[in-house]
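Please look over the sequence and the model shown below.

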Amino acid sequence: MPADPNMKILVVDDMSTMRRIVKNILKQLGFNNLEEAENGQEALTKLKADTYGFVVSDWNMPVMMGIDMLRAIRADEKLKKIPVLMVTAEAQKENLMEAVQAGVSNYVVKPFTAETMQEKINKIFK
Amino acid sequence: MAQPQAAAKTQNVVNEDEPAEKAPDTKLYEELGELARFIDTTMKTLSEFSAPVNASTEQLPQAQTHLLNLKTQTEQGTHRVMLEVEAIQDNHAQISKMLKEMTQTFQQAKVSPAFIQQMQTLGQALGQDDKRLLDIMTALSFQDLVAQSVNKLVTILDEVEHKLLQLVVVFGPYQKQAAKTDQGKASEMLKQLEATKNTSMDQDLADEILKQFGFN
């Protein structure tokens, strides 16, 4: 199923520059319904309060790490089907394995290009 | 080795019920003198160590502040560039929309096909520049990587400062070796930085691994 350009997307990153970059790329790809959160905890609160179609998240964040947020999403009956794309500098194989085991939908290694992100989004929503 | 002998001798002097007028034990005085010189040399050595260690400890918070300033400056600079890029992107979007509308109007008015072709070429050039702008935007993700490295370095410096203060205040320089066994978070951060340099994946390798888990 192709991605709905009107779906609400949550961009989760503690760095304001990264949130802006990811939002810019998503906007250029045709997604305009974009929200942001600074850490996993804030993201979970937003996810529970509204309906989101997609989450793009960093790994390394204060308060709650991206991987813990992913596990919480997959453990929540209401949220568990939301696709989660990890965009992270945590580029060790162990991190990737951990993310796969936690139920990640796809994984982008920083630094990345807009093409890579588009390709991953297409794969998630194909 | 002189210290226990001297202590034993001192004990003997205290315990033995010797007459006060007995001749002083010259060997005991020699050993006490040796012990005093040893203590004096040790104190000097301690003070020699303390000065540079104290100076280094005092400089570490400054280094941390400089690093955090570096992070803030790169963040501010990155936002400044992003602001300009976004302004150009918005302008391009408007120009692109106007070009399309004008092209349609000219087509309906049966204006020269060569002129319409020129307008379409203009639109394509705008599209190519939009791609470049997006490349500039994504290239700015360097700031996130810089910030993460700076955060790790600040944690390392904090840990080192703590250890140095422990050396100066509690243990003294002679127990440097013992401090090595408890390296804590700083050591872990250094390992992470080193590991990132040596074993981090690029996207191709990540994709290879993802394929093995059925991510096609």
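In chain A, A:Ile67, A:Leu70, A:Arg71 and A:Arg74 of α3(A) meet A:Glu98, A:Ala99 and A:Ala102 of α4(A). Two residues are in contact if their C-beta atoms, placed from the backbone, lie within 7 Å. Helices (H or I, at least four residues) and strands (E, at least two) are DSSP runs, numbered from the N terminus. By class, the contact of α3(A) with α4(A) has four nonpolar, no polar and three charged residues. Here Ala, Val, Leu, Ile, Met, Phe, Trp, Tyr, Cys and Pro count as nonpolar, Asp, Glu, Lys and Arg as charged, and the others, Gly among them, as polar.

This is a predicted model, in which local features need pLDDT of at least 70 and side-chain atom pairs count only at pLDDT 80 or more, while totals for chains, interfaces and linings use all residues. Residues are numbered from 1 along each chain as its sequence is written, and chains are lettered from A and ligands numbered from 1 in the order in which they are written.

Two packed helices are described by the angle between their axes and the distance between the axes. The axes are lines fitted to C-alpha atoms, for helices over the stretch in contact, and angles run from 0 to 180 degrees between N-to-C directions. For α3(A) and helix α4 (residues 93-102) of chain A, the axes come within 9 Å and cross at roughly 15°. The helices α3(A) and α4(A) are therefore roughly parallel to each other. Angles under 35 degrees count as roughly parallel, over 145 as roughly antiparallel, 65 to 115 as roughly perpendicular and the rest as oblique. The crossing of α3(A) and α4(A) is left-handed. A crossing is left-handed if the near helix is turned anticlockwise from the far one by less than a right angle, and right-handed if clockwise.

Helix α3 (residues 66-75) of chain A also packs with α2(A), their axes coming within 9 Å and crossing at roughly 25°. Thus α2(A) and α3(A) are roughly parallel to each other. The crossing of α2(A) with α3(A) is right-handed. On the side of α2(A), the contact is made by A:Gly40, A:Ala43, A:Leu44 and A:Leu47, and on the side of α3(A) by A:Gly66, A:Asp68, A:Met69, A:Ala72 and A:Ile73. The residues of the contact of α2(A) with α3(A) divide into six nonpolar, two polar and one charged.

Is A:Ile9 buried or exposed? A:Ile9, found in strand β1 (residues 9-12) of chain A, is buried, because 22 other C-beta atoms lie within 10 Å. A residue is buried if 20 or more other C-beta atoms lie within 10 Å of its own, exposed if 12 or fewer, and partly exposed in between, with C-beta atoms placed from the backbone. Leaving aside neighbours within four places in sequence, A:Ile9 is in contact with A:Leu26, A:Phe31, A:Asn33, A:Leu34, A:Tyr52, A:Gly53, A:Phe54 and A:Val56. The C-alpha atoms of A:Ile9 and A:Leu96 are separated by 22 Å, and the two residues are 87 residues apart along the chain.

One of the contacts of A:Ile9 is A:Gly53. A:Gly53 lies in the loop between α2 (40-49) and β3 (54-57) of chain A. With 17 other C-beta atoms within 10 Å, A:Gly53 is partly exposed. Not counting residues up to four places away in sequence, A:Gly53 touches A:Asp4, A:Met7, A:Lys8 and A:Ile9.

Chain B has seven helices and zero strands. Of its 216 residues, 7% of chain B count as buried. B:Met43 lies in helix α2 of chain B and is exposed, because 10 other C-beta atoms lie within 10 Å. B:Met43 and B:Ile95 are 52 residues apart along the chain, and their C-alpha atoms are separated by 78 Å.

How do the two chains meet? In all, 27 residues of chain B are in contact with 24 residues of chain A. On the side of chain B that touches chain A, α4(B) gives the most, with six residues. By class, that side of chain B has 14 nonpolar, nine polar and four charged residues.
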